[in-house]
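Please open the model in your viewer and keep the sequence panel beside it. The stops below proceed by selection, each followed by an account of what is found there.

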Amino acid sequence: MKVRQIIEAGEVKSFYMSSWDNEMHFTFEGGEIKLSLPEEVMKRLHQRLGETLTKLAEERLADAKELVETEVE
């Protein structure tokens, strides 16, 4: 039998990534979650975060360009 648990902790208030044992700590209001991340998972997390941040930056740039064009008119 496989057991699965989903924890909805809310917004992350802070995080810490250990440099010696690949542990990541997330702090939430009322608690903390500690994870052990294998190197392969860290690489995928890095890639996905990069993709998401790039997309956000592109959207903000497009919004800023639109705002400038609207103000010029």
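## First selection: His25

Select His25, which counts as buried at 13% relative accessibility; buried means under 20% relative accessible area, exposed over 50%, and partly exposed in between, with a 1.4 Å probe and protein chains only. This is a predicted model, in which local features need pLDDT of at least 70 and side-chain atom pairs count only at pLDDT 80 or more, while totals for chains, interfaces and linings use all residues. Residues are numbered from 1 along each chain as its sequence is written, and side-chain values use heavy atoms, with hydrogens and water left out.

His25 belongs to strand S2; helices (H or I, at least four residues) and strands (E, at least two) are DSSP runs, numbered from the N terminus. Display next the side chain of Glu32, which makes a polar contact of 3.1 Å with the side chain of His25. A polar contact is a pair of N or O atoms within 3.5 Å; within protein, one must be able to donate a hydrogen and the other to accept it, and residues adjacent in sequence count only if both atoms are side-chain atoms.

Which residues is His25 in contact with, leaving aside its neighbours within four places in sequence? They are Ser14, Phe15, Tyr16, Glu32, Ile33 and Lys34, where contact means heavy atoms within 4.5 Å.

Move to Lys13 in strand S1. Lys13 is exposed, with a relative accessible area of 52%. With neighbours within four places in sequence set aside, Lys13 is in contact with Thr27, Phe28 and Glu29.

Select Ser18, in the loop that lies between strand S1 (12-17) and strand S2 (23-28). Is Ser18 buried or exposed? Ser18 is buried, at a relative accessible area of 4%. A polar atom of the Ser18 side chain lies 3.4 Å from the backbone nitrogen of Trp20. The side chain of Ser18 also makes a polar contact with the side chain of Asp21, at 2.6 Å.

Asp21 is in the loop between S1 and S2 and counts as partly exposed at 34% relative accessibility.

Inspect its backbone: phi of Asn22 is near 55°, a positive value in a residue other than glycine.

## Final selection: the whole chain

Zoom out to the protein chain, whose elements run β-β-β-α from the N terminus on. The radius of gyration of the protein chain is 19 Å, well over the 11 Å that the globule rule gives for 73 residues, so the chain is more spread out than a compact globule. That radius is taken over C-alpha atoms, and the globule rule is 2.2 Å times the number of residues to the power 0.38. Along its principal axes, the C-alpha trace spans about 60 × 30 × 30 Å.

Colouring by accessibility shows the overall pattern: 7% of the 73 residues count as buried. Residues 24 or more positions apart account for 7% of the contacts in the protein chain with a separation of 6 or more.
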